[in-house]
Amino acid sequence: SAFVTSPYINGMDMDEIEAMTIRMAETGEMVNWEGHIFDVHSIGGVPGNKYALLVVPIVASAGLKIPKTSSRAITSAAGTADVVEVLTRVDLTIEEIKKVVKETNGCMVWGGALDLAPADDITINVERPLGIDPEPLLLSSVMAKKLAMGVNKLLIDIPTGFGAKVKTVKEASSLARKFIELSERLRIVTECAITYGGQPIGRAIGPALEAKEALLALEDYSQAPTSLVEKSISLAGILLEMGGVAPAGEGKDLAEDLLAGGKAHDKFMEIIVAQGGKEVSSEEIEVGKYRVDIHSPIDGYVTRISNAGITKIAKESGAPNDKKAGIYLNVKVGNKVEKGDVLYTIYSDSEERLKSAIKL
């Protein structure tokens with residue numbers, strides 16, 4: 001606790017952060033690969049951020065290797081690992097990961113099952129109850145895991161906006177510069193994308209609801225929320241350009257083609273099966289059996305959605321431990337609503353949890 005608090009108060013210079021990152025990575029297993037290994041990582045803070053379920057299969061279907069390790073929810077209602085776990089196993093060993101990546105070019109697994117930078121997990125367990133995320137530890141936490149996993153081409157997503165971890169584009173640019181400087185020292189080629197994080201991504205928040213929405217986007221992206229599709233093809237496009245499979249400025253178009261043509265969907269199913277799951281359609285995914293609609297008390301326009309508020313309600317309903325719990329948003333910022341319209345629906349597998357979520 002004393003250690004986590006001190007960089008929060010005093011900060012650290014880049015030499016210190018670099019040294020700490022390398023030592024953190026060396027506390028556990030170091031994975032070696034041949035050739036270029038890609039990854040995409042979001043610093044989080046925005047509900048419904050299920051982009052990885054689209055980005056990984058798009059990039060893998062273009063022939064690039066992308067072994068995605070992610071966390072379970074730290075402060076959110078669903079981490080990427082929680083969402084993928086609705087569909088398949090996420091607790092793979094290093095050997096199993098290598099086998100899956102050899103077969104499919106990609107994987108989506110829980111980093112906690114691996115011995116990757118275990119020192120980082122210890123600091124995270126202290127940060128969580130303290131409710132702080134000191135910048136030096138944010139930088140080293142992300143980069144130590146990537147270093148240990150053998151990643152050498154990385155894209156970092158920095159969601160920015162009211163209610164996100166990073167509030168302004170100025171703050172986001174400063175953080176991006178630090179990530180890039182640290183990466184250069186570690187010989188990892190890194191780009192940063194500053195994305196809009198002022199409201200949830202897509203409409204679904206909670207593991208099963210998010211898995212369902214991501215699958216829908218892979219099956220027929222014209223049916224899926226634009227915010228999710230746009231963010232996913234933009235991030236995938238940057239990786240495709242970094243990997244040299246798309247010329248500069250054309251990555252996003254190629255990513256959209258791979259998604260629209262069904263190649264990303266087929267690749268996603270290959271990965272799910274290789275990790276021990278079975279093929280499934282978005283319609284087959286079950287969500288909480290108890291549900292309630294929250295109606296608008298007045299006519300008007302939605303001017304803001306509180307990320308923190310939505311996350312609290314989704315957690316109160318049981319997410320992420322109850323995989324079927326969560327929230328589905330019927331409206332987003334800018335939508336016109338009339339009195340009595342449904343704003344959002346809360347789902348849960350427990351009547352008690354649903355009651356306390358309604359109350360909240």
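I194 comes out as partly exposed because its relative accessibility is 37% (buried means under 20% relative accessible area, exposed over 50% and partly exposed in between, with a 1.4 Å probe and protein chains only). This is a predicted model, where local features need pLDDT of at least 70 and side-chain atom pairs count only at pLDDT 80 or more, while totals for chains, interfaces and linings use all residues. Residues are numbered from 1 along each chain as its sequence is written, and side-chain values use heavy atoms, with hydrogens and water left out.

- I194 sits in strand 5, which covers residues 189-196 (strands are DSSP runs of E with at least two residues, helices are runs of H or I with at least four, and both are numbered from the N terminus).
- Setting aside neighbours within four places in sequence, I194 touches I158, T160, V169, A172 and S173 (contact means heavy atoms within 4.5 Å).
- One of those partners, V169, is 25 residues away from I194 along the chain, yet their C-alpha atoms are separated by 7.5 Å.
- T345 belongs to strand 11, residues 342-348.

- Most residues other than glycine have a negative phi, and most peptide bonds are trans.
- N105 has a positive phi, near 75°, and is not a glycine.
- You'll find N105 in the loop between helix 5 (94-104) and strand 3 (106-110).
- N105 counts as buried because its relative accessibility is 16%.
- R187 isn't a glycine either, and its phi is positive at about 60°.
- The loop holding R187 runs between helix 8 (169-185) and strand 5.
- R187 is exposed, as its relative accessible area is 73%.
- A319 and P320 are linked by a cis peptide bond, with omega about 0°.
- P320 is located in the loop between helix 13 (307-316) and strand 9 (326-329).
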